[in-house]
Amino acid sequence: MKTRALGRAISTAILVVVFCFGLLAGGITNYSYATQFRELPNAAPSSAHILGTDGLGRDLFARLAYGTRVSLLLAPAAAFLSTLIGGILGSFAGLVGGWCERAILAAGDLSMALPLLFVLLALRALLPLDISPALSVVATFALLGLLGWHSSLRVVWAASRNLRNSDFLQLARATGCTRWKIIRYHILPNLRPVLMAQFWISIPAFVLTEATLSMLGLGVMEPLPSWGNLLRGLEDFSAVGSNQWSLSPLILLVLVVICFQLALPAQEEFA
Amino acid sequence: MKEALFKIGARLTMLLVLTLIAGLLSATFVRFSPGYGVDERELDPRLSRASVEAVRSSRRIESGLLAYYGNYLLRALHGDFGKSQWLDRPVGSLICERLPVTSRSVLGGLLTAWLAALVVSFAAMFFRGFLFDFSTTAGSGLLIALPTGVVAMLAVYMRAPAFLASSVVIFPRLFRYLRNLLEHAYTQPHILAARTRGISNARIVFRHVAPLVSPALFALFGVSLSMAFGAAIPIEALSDSPGVGQLAWQAALNRDLPLIVNLTLLVTLFTVTVNSAAGVAPEIAQ
């Protein structure tokens, strides 16, 4: 038990450090993520470029810091969106019941059976070719958020269904509490732990999906960096051989996802 | 029996409704895609104005969405899913050409992942210990943390077959779920009683554990199939394997909407059908 608590504390500390690294990217590095040093493509690490440069002569450390900001700030945004949709639909299904409940659950089951990457590719292909990098980031994470709601649905539905016939809710109804008051003071506080657990569990899943999409060239567009974009550099094995530091985005991504797994077991078990 | 038949009927009805809705969505996407209804021949300077008008009017027949949807469904029923804008070839023949490659990698990946997950999960039940638990949890945790694209790239570097990459993606998710499922099953009173009476492990597995976990396993098989199809895209794209996943990726990069939308529709219908079958399979078995 002590080992688990220690592991959780270390994981949380690492996550905080990585989040700060992304948030303070502008202060940590002197270079912009897009600045090119054309005389230094694929340069080895030096005092000027801590992790070296990529094939286009851009500072890898700066790109890693800004990429961390993009991946770690927008993945929670997508997780928030998906949890919100799953939360609204799940609680509605659980509290209202009847055909509405059956329809929402059927839609959730259906959504779960969809091959997500195929649907993402199809929707991403609908966007124009000349989309700006900033818009590509928003579109990628918005799509992830809009399509990832099914994972929260069942859990929130189960929690809401238990609430539907609870004594305190019946008492609140009998004493004439308005619908808004019931939601605000009775339902939301009881659903909050479940929603929080779903939110935290979704973040690493979205980080990984964004990485795969960006590796395929259909996620965040260049020159804006993200962890997925940076992983595309691994396709050139000779460059990886000459500068092992180009593996740092992969190491950071794996570390963050593992830390999320270790930091959240209690909530996951609860959910 | 009546209940099982009702469930099968409900699933089939849902599948039909889904097919119609998905067909409408696909048709809408294709109908309103950029460049729809524009024929390259209109730009040919050798054609007379009358010829250009004839080309335009031949396209105008399907200009209304509902008319387009009707024609789309009729054609789809005959196996005609339109033409790829990028490759200028029928979508049906492109899929038929590439499906065997994807089927082999998906089925091979599923089989390997399921075998490995079942073996390791049962081993975790029989050989409980800190070292085994720690190594399997750490190993599966590390594999889950790897993006599918990175697994595909590692497979390319190691010259491993595509199905192996697919199984590496599916295995850790299956293993975690299976281990939890078996742990739960082994805490059931009747299984605890069977163990205390000294009944052999094999008998406990086949007579007591298997009937208990089989409905969840059927459902898990359906979900793992969706996972395998999803993993096929980055694996085939990055390892240059000429399957349906690579075709979907290339279609998305080339903004070939008729191809990507029809491909998604067909793969979705297939996975949803398998999921529905997995859902009713335990009732049929009973």
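**Reading the model**

Guide: In chain B, 74% of the contacts with a separation of 6 or more join residues 24 or more positions apart. Please keep in mind that this is a predicted model.

Visitor: What does the secondary structure of chain B come to?

Guide: Chain B has eleven helices and zero strands. Along the sequence its pattern reads α-α-α-α-α-α-α-α-α-α-α. Of the 286 residues in chain B, 33% are buried.

Visitor: Which residues of α3(A) and α4(A) meet?

Guide: From α3(A) come Leu89(A), Phe92(A), Ala93(A) and Val96(A). They meet Gly98(A), Cys100(A), Glu101(A), Ile104(A) and Leu105(A) of α4(A). By class, the residues of this contact are seven nonpolar, one polar and one charged.

Visitor: How many residues does each chain give to the contact between chain A and chain B?

Guide: The size of an interface is often given as the accessible area lost when the parts come together. Counted in residues, the contact takes 32 from chain A and 35 from chain B. On the side of chain A, the elements giving two or more residues are α4 (98-113), α5 (116-126), α9 (179-215) and α12 (248-263). The largest share of that side, nine residues, is from α5(A). The side of chain A that touches chain B has 27 nonpolar, three polar and two charged residues.

Visitor: Which residues touch the most other members of the largest nonpolar core?

Guide: In soluble globular proteins, nonpolar side chains tend to be buried together. The largest nonpolar core here has 122 residues, and Leu121(A), Val207(A), Ala248(B) and Ile260(B) touch the most other members. The element that gives the most to this core is α3(A), with 15 residues. Neighbours within four places in sequence aside, Ile260(B) is in contact with Leu121(A), Ala122(A) and Ala125(A), as well as with Ala248(B), Ala251(B) and Ala252(B).

Visitor: Why is Arg207(B) classed as partly exposed?

Guide: Arg207(B) is partly exposed because 13 other C-beta atoms lie within 10 Å, whereas a buried residue would have 20 or more and an exposed one 12 or fewer. Arg207(B) lies in helix α9 of chain B, residues 201-238. The C-alpha atoms of Arg207(B) and Leu20(B) are separated by 42 Å, and the two residues are 187 residues apart along the chain.

How values were computed:
Residues numbered from 1 in each chain as written. Chains lettered and ligands numbered in written order. Predicted model: local features only at pLDDT ≥ 70, side-chain atom pairs only at ≥ 80, totals over all residues. Contact = placed C-beta atoms within 7 Å. Helix = DSSP H or I, 4+ residues; strand = E, 2+ residues; numbered from the N terminus. Nonpolar A, V, L, I, M, F, W, Y, C, P; charged D, E, K, R; others polar. Core = buried A, V, L, I, M, F, W, Y, C linked by C-beta atoms within 7 Å.
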